[in-house]
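This briefing goes through selected local features of one protein model. Please look over the sequence and the coordinates before reading the points.

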Amino acid sequence: MAEIFTGNNPSQMYMDALFTLCLEGDVVKPRGKAVKEIRPVILEFTEPTNRLTFLLGRVVNPFFQLAESTAWIMGGRSDVAWLLDYNASMEQFSDDGVYFNAPYGERLRHWNKSDANGFIMNPFDQLYDVYEKLKADPDTRQAVAVIYNPIFDHARNETKDRPCNLLLTFKIRKGKLDLTVMNRSNDLHWGTFGANLCQFSTIQESMASWLGLPMGTYNQITDSLHIYLEDYGAKETDKVLGAYGLTSNTLVGRDVPQVQQFTFMGEPRMSSNFDEFHDILEYFFDEIDPLFNLPGTYVNGNWYDVLDRIHGIEDDYLRMSFFAMFAYRAHKRGSWNVMVEALGCMPASSWKLSCLRFLYPKYKDLLDFQAVYEGWDYDKVLYIERTNG
């Protein structure tokens with residue numbers, strides 16, 4: 001029987017799934033690595049604009065989440081180097097350190113092109129195809145985009161990067177855009193809630209914005225939801241349970257902890273149609289992103305030009321994303337004053353909360369950093385300033 005987790009609070013769904021895996025998961029050892037697994041699993045996110053999680057003990061890098069989902073995937077990219085500015089560990093999943101074998105953006109936006117394998121034949125934008133099908137027939141069941149490609153994902157291609165997610169199906173029902181993602185294998189910590197929820201709900205919101213529709217439900221169907229027992233995310237399980245005073249050996253008979261989901265009034269949302277969205281993305285990569293790499297950008301007030309350019313972006317969600325990305329690049333360069341200015345340009349939102357929590361351990365004694373969230377509700381300040389997970 002399939003396990004089903006549903007709700008509008010992904011943080012609670014995360015904890016519910018973790019408890020179920022710890023208590024009911026079967027131990028298997030694919031590639032010799034022990035995991036606890038439940039299968040099959042349906043995750044029904046009824047409010048996919050809630051794409052961040054706030055479990056104690058589990059601090060995900062929101063800057064990387066935004067950069068990867070909003071720019072890198074939607075821009076159809078396959079390169080390693082661009083992502084390393086937001087997450088240096090991504091290089092371990094590339095075979096040559098230059099390209100990924102199965103990058104979601106390239107597969108979705110340039111199907112039949114593979115930079116990693118030096119292959120291109122009639123590349124095809126699957127998301128544009130989905131968009132055209134849904135515009136032409138709002139009741140269609142044919143709006144499908146495929147990620148898995150046996151040409152590059154077969155057994156004889158010895159690669160570190162085979163896609164966990166296989167295909168996406170979009171449907172307009174009851175005046176809203178629904179998305180279902182089929183998945184062969186999902187690590188709970190790094191896959192489901194560390195990456196996929198943000199990646200695919202961002203694609204869903206982009207498509208909904210192009211069509212002028214509200215978002216419906218995001219369903220993820222996985223044939224193996226798991227946690228690692230020795231490698232990878234094993235420490236993440238211990239950190240989450242430990243933050244709630246638990247261990248994997250003390251769960252029997254315990255109620256699942258209740259986890260708060262943070263939202264703000266006026267959370268930024270996408271509003272661009274298809275042409276506007278791609279004009280903004282092109283402007284970002286051509287005019288804004290190159291400035292992130294210039295050392296002079298962060299001195300002598302030159303960074304005001306970058307902020308002005310981002311302020312000119314009309315889409316609230318994309319503008320917020322670019323401010324966050326600039327803040328993180330300033331942080332990496334040690335320009336704390338620029339980082340604080342960019343963070344201050346972000347609207348009060350769940351994304352800003354997550355960004356502040358991620359950076360807090362490094363800047364907790366910086367008064368200018370504390371001023372960015374001055375006047376926020378007590379529970380949000382407490383979340384930012386936690387020192388024990």
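The model is predicted: local features need pLDDT of at least 70, side-chain atom pairs count only at pLDDT 80 or more, and totals for chains, interfaces and linings use all residues. Residues are numbered from 1 along each chain as its sequence is written, and side-chain values use heavy atoms, with hydrogens and water left out. Helices (H or I, at least four residues) and strands (E, at least two) are DSSP runs, numbered from the N terminus.

**Nonpolar core**

- The largest nonpolar core holds 116 residues; such a core is a set of buried Ala, Val, Leu, Ile, Met, Phe, Trp, Tyr and Cys residues joined through side-chain atoms within 4.5 Å.
- Buried here means under 20% relative accessible area, exposed means over 50%, and partly exposed lies in between (1.4 Å probe, protein chains only).
- The residues with the most contacts inside this core are Trp82, Phe170, Met207, Phe326, Leu343 and Phe369.
- Helix 11 (residues 316-332) gives the most to this core, with eleven residues.
- Leu343 is in contact (heavy atoms within 4.5 Å) with Phe63, Ala327, Lys352, Cys355, Leu356, Leu359, Phe369 and Val372, leaving aside its neighbours within four places in sequence.

- Thr297 sits in the loop between helix 9 (274-292) and helix 10 (303-311).
- Thr297 counts as buried because its relative accessibility is 4%.
- A polar atom of the Thr297 side chain lies 2.6 Å from the backbone oxygen of Leu291. A polar contact is a pair of N or O atoms within 3.5 Å; within protein, one must be able to donate a hydrogen and the other to accept it, and residues adjacent in sequence count only if both atoms are side-chain atoms.
- Leaving aside neighbours within four places in sequence, Thr297 contacts Leu291, Asn302, Trp303, Val306 and Phe326. Phe326 is also listed among the core residues with the most contacts.
- Arg309 belongs to helix 10 and is partly exposed, with a relative accessible area of 26%.
- Not counting residues up to four places away in sequence, Arg309 touches Tyr283, Glu287, Ile288 and Leu291. Leu291 is likewise a contact of Thr297.
- Arg309 and Tyr298 are eleven residues apart along the chain, and their C-alpha atoms are separated by 15 Å.

- Strand 8 (165-173) and strand 9 (176-183) run antiparallel and are joined by eight bridges; two strands pair if DSSP finds at least two bridges between them.
- Ile172 has Leu177 in strand 9 as its bridge partner.
- Strands 8 and 9 form a hairpin with two residues between them.
- Lys174, in the turn of that hairpin, has a positive phi of about 55° although it is not a glycine.
- Lys174 counts as exposed because its relative accessibility is 86%.
- Strand 9 is also joined to strand 11 (residues 215-222), by six bridges, and these two run parallel.
- The bridge partner of Val181 in strand 11 is Gln220.

**Other backbone geometry**

- Arg39 and Pro40 are joined by a cis peptide bond, with omega about -15°.
- Pro40 lies in the loop between strand 3 (35-38) and strand 4 (41-45).
- Asn112, in strand 5 (residues 111-114), has a positive phi of about 80° although it is not a glycine.
- Asn112 counts as buried, at 14% relative accessibility.
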